[in-house]
Amino acid sequence: MGTTTPPRTLAEALRARDDESLAGLLRARPDLLSPVPGDITQLATRAGTRASVVRALEHLDRFALQTAEALAVAPDPAPYGTLLGLMTGDGQDDGEQRDDAGAAITEALPGALGTLREQALVWGDDDRLRLVRTARELLSPSPQHPSPTGLGPTVAEATAGMSPGRLQEILAAAGLPATHDPVSAVTALTALFTDRARMGELLDTAPMEALAVLDRLVWGPPYGEVTPNPTPPVKWLRDRGLLLPVSTRTVVLPREAALHLRAGRAHRVPEPRPPVVAAVAERDPQAVDSAAAGQAFLAVSTVEELLKLWNGGGPVVLRAGGLSVRELRKTATALDVQEPVAAFWVELAYAAGLLASDGEADERYAPTPAYDEWLERPAQERWVALATAWLTATRTSGLVGGQDAKGRALSALGPDLDRSTAPEVRHRVLALLDSLPAGTAPDPETVLARLRWERPLRGAAAGDGTDLRSRIALWTLNESELLGITGRGALASQTRALLTGGPAEAAGLLAPLLPEPLDHVLLQADLTAVAPGPLERPLAEMLGALADIESKGGATVYRFTPGSVRRALDAGQTAADLHAFLATHSRTPVPQPLSYLIDDVARRHGHLRIGAASSYVRCDDEAVLGEILADKRSAALRLRRIAPTVLAALADPASLLDGLREMGYAPAAESADGDVLITRAGAHRTPPRSAPAPVPEGPPVPDTTLLGAAVRAIRAGDNAATVVKAQPDAGPAAPPGTLPRTTPAETLVTVQAAAMTGSTVWIGYVNAEGAASQRVIAPVRVEGGFVTAYDHTADEVRTYPLHRITGVAELAE
């Protein structure tokens with residue numbers, strides 16, 4: 001809706017907007033909805049608070065922010081032409097501002113200004129543009145907070161407090177006539193600096209050294225230090241007001257003079273267009289998909305291997321939370337990766353809800369019950385679960401190994417790793433990759449440049465690649481390769497489907513690209529087995545118990561050792577079971593050395609029996625026990641013979657088992673009944689745990705339903721606050737905002753009459769908590785001490801106790 005007169009305040013400008021425009025403001029600045037403002041005035045007040053304005057400025061792109069910065073150094077209010085001149089210049093510069101750049105600025109400026117208007121950072125018509133006061137204070141130049149434009153204070157601001165005599169001296173030195181008061185003197189000096197012809201004549205008389213001083217200050221910072229006896233060039237500038245004193249040792253180049261030297265431009269390099277994301281390579285899309293699928297399968301296998309390592313109970317949780325450096329290093333060695341990569345896999349498993357602490361007294365990390373469910377799913381669905389968790393996780397593994405604000409080391413799985421901007425940056429990086437043709441790998445530097453343009457950072461770290469957003473973007477590119485999101489630097493088709501079509505479509509595209517699990521291995525004469533691809537789960541689990549992994553890659557090499565065979569026997573297998581297993585799953589004949597190894601270990605396995613006394617060793621062969629007692633390596637076990645075939649030990653059974661195995665024996669544990677104990681890897685699980693909740697970056701973006709309800713509530717509240725109330729015939733008018741006061745009898749009669757006539761009334765209401773409010777209601781029914789009415793303020797039907805209504809007034813026609 002329009003207004004016949006220009007708005008005088010931000011509240012009036014917002015009040016003139018239609019519902020769609022108000023919804024756009026609340027969508028762009030969701031912090032304004034917490035809680036829903038009672039009316040337009042509250043909305044305008046909240047939109048002008050420092051915290052909300054800072055948040056809005058941080059979400060502007062570079063050109064919109066440059067537009068706001070230009071308005072901050074423009075007169076208040078400023079016409080559109082003045083703003084355009086600050087962005088494009090007056091065309092009389094040294095050639096830095098090219099015509100095509102000026103055309104791009106002219107084309108892009110209405111959009112940037114529209115963004116600022118939509119977010120209520122700028123209001124007013126084009127002939128009277130006003131920047132919100134808080135934003136002007138944040139972006140205007142000051143000695144403590146220099147302007148991003150590099151401009152200094154105006155002549156009027158810089159000369160505030162200067163003596164009238166000194167002002168007259170400056171006018172005389174500049175060739176201006178004397179004035180009768182300081183105000184007119186400042187006006188005359190400002191007029192000189194803003195007149196290009198007269199300013200050019202003044203600078204033509206300046207010494208070359210003075211012009212060099214101005215060149216150093218023109219693009220900022222505009223402040224410089226001087227000595228008590230300045231050099232002649234500085235004295236020449238100071239005498240003519242081209243340098244004005246800020247303190248006894250500091251001078252500043254006034255804004256009007258700087259703008260003349262800049263040819264009217266507020267920014268040295270306006271950036272109306274976002275940087276283009278350049279390509280470094282164009283590859284075959286099918287090769288990209290295949291490479292990404294291979295890495296996706298490796299990612300799933302790595303997470304599975306990690307959780308198998310911790311299947312029986314993983315590392316101890318540090319007192320302060322997290323994984324120790326030693327345990328992270330051990331995990332990296334087991335996974336055959338670098339420590340930062342190991343931290344990524346650990347954090348990914350945690351983000352997916354597959355890993356957590358068990359909460360016991362001796363707290364350890366262990367797989368969750370969700371891990372068992374994840375294992376039963378097809379490989380493509382397992383990858384989708386990992387990729388989805390990574391996209392939404394706020395925990396940032398790249399921070400591991402760094403320090404927090406207090407200088408404490410940041411550990412994997414520890415606190416303080418959440419960065420709320422991480423999901424937004426990941427999605428934005430992938431969206432930029434998605435905008436490129438299929439198979440195109442981007443230049444990382446151009447990706448960072450685009451992100452910095454979209455969310456520019458003001459401060460020392462801006463643009464040098466050390467800010468958090470840039471680091472997260474680089475980590476995103478690296479992690480995308482590890483996880484199979486990208487292949488050879490380009491976005492894979494299955495990832496595009498995950499971003500746009502959903503998990504089912506992504507899994508469908510990935511499934512044909514993954515290798516089929518094999519049901520066989522190739523046994524070799526050097527006691528190794530080669531798995532030429534991924535193995536079926538039962539085969540992989542059995543082979544993992546029978547042999548040790550020696551190398552991984554396109555093919556996995558397993559090595560059989562006495563220890564690995566004994567491990568399989570400890571798990572309840574017999575020599576016959578192992579021979580049958582190998583014969584069934586080997587495409588090559590079982591080598592004779594391997595058969596001999598199994599038979600030899602099986603023959604000696606369980607020859608010694610260990611139980612709990614504290615512990616004991618028993619053996620039918622007395623000579624073997626005598627050999628153990630005579631071995632000096634058994635001294636630490638503190639063994640003594642208590643019977644010809646029994647040795648007692650002070651060590652516990654587990655330590656005794658490990659000690660005898662180190663001595664080269666193959667003992668077996670037995671129960672109190674004398675039966676051999678079968679030891680399988682214990683599957684230690686945490687209680688049911690949910691995945692860690694991402695830490696949101698501010699309030700969530702409201703949906704359409706919430707926006708519609710909020711706009712209706714704000715409109716209704718504004719109607720209630722601004723509606724014209726009918727005044728009684730006698731008595732003074734109540735001050736605005738005062739709750740109506742009537743007797744209970746008058747209240748009852750008025751609402752009954754309104755219910756009969758279907759009219760609308762204005763009431764004052766105090767709720768059960770004692771909070772007073774004004775409401776505009778249309779009574780429907782009055783009975784039993786309650787009035788049921790349609791509340792225009794809340795946009796719904798409500799019931800109010802009559803005794804809580806302080807008064808009622810009719811609305812003016």
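## Close-up views of a predicted model

**View 1. Helix α22 and its cover.** The cover of the buried residues of α22 includes α5, α21 (422–434), β9 (440–442) and α23 (468–483). This is a predicted model, in which local features need pLDDT of at least 70 and side-chain atom pairs count only at pLDDT 80 or more, while totals for chains, interfaces and linings use all residues. Residues are numbered from 1 along each chain as its sequence is written, and side-chain values use heavy atoms, with hydrogens and water left out. Helices (H or I, at least four residues) and strands (E, at least two) are DSSP runs, numbered from the N terminus. Helix α22 spans residues 444–454. Of its 11 residues, 8 are buried, so α22 is largely enclosed by the rest of the structure. Buried means under 20% relative accessible area, exposed over 50%, and partly exposed in between (1.4 Å probe, protein chains only). The buried set is T446, V447, L448, R450, L451, R452, W453 and E454.

**View 2. Helix α21 against helix α22.** The two axes come within 11 Å and cross at roughly 125°. That angle makes α21 oblique to α22. Axes are lines fitted to C-alpha atoms, for helices over the stretch in contact, and angles run from 0 to 180 degrees between N-to-C directions. Angles under 35 degrees count as roughly parallel, over 145 as roughly antiparallel, 65 to 115 as roughly perpendicular, and the rest as oblique. The crossing of α21 and α22 is right-handed: the near helix is turned clockwise from the far one by less than a right angle. V425, R428, V429 and L432 of α21 make the contact with V447, R450, L451 and E454 of α22. Contact means heavy atoms within 4.5 Å. The residues of this contact divide into 5 nonpolar, no polar and 3 charged. Ala, Val, Leu, Ile, Met, Phe, Trp, Tyr, Cys and Pro count as nonpolar, Asp, Glu, Lys and Arg as charged, and the others, Gly among them, as polar.

**View 3. Helix α27 against helix α29.** Helix α27 (residues 562–570) and helix α29 (residues 592–604) pack at about 60°, with axes 10 Å apart. α27 is therefore oblique to α29. Their crossing is right-handed. P562, V565, R566 and L569 of α27 meet L597, I598, V601 and A602 of α29. By class, this contact has 7 nonpolar, no polar and 1 charged residues.

**View 4. Two nonpolar cores.** The largest nonpolar core has 86 residues, and L26 and L242 have the most contacts inside it. Helix α5 (residues 62–72) gives the largest share, 7 residues. A second, separate core of 63 residues includes L348, L432, A506 and L514. Such a core is a set of buried Ala, Val, Leu, Ile, Met, Phe, Trp, Tyr and Cys residues joined through side-chain atoms within 4.5 Å. Beyond four places in sequence, L242 contacts residues including F193, M199, W236 and P254.

**View 5. Q494 in helix α24.** Q494 is found in α24 (residues 493–500). Its relative accessibility is 1%, so Q494 counts as buried. Leaving aside neighbours within four places in sequence, Q494 is in contact with D289, A292, A293, W383, A506, L509, L510 and L513.

**View 6. Backbone features in loops.** Most residues other than glycine have a negative phi, and most peptide bonds are trans. D76 and P77 are joined by a cis peptide bond, with omega about 0°. P77 lies in the loop between α5 and α6 (80–88). D416 has a positive phi, near 65°, and is partly exposed at 42% relative accessible area. R638 also has a positive phi, near 55°, and is exposed at 57%.
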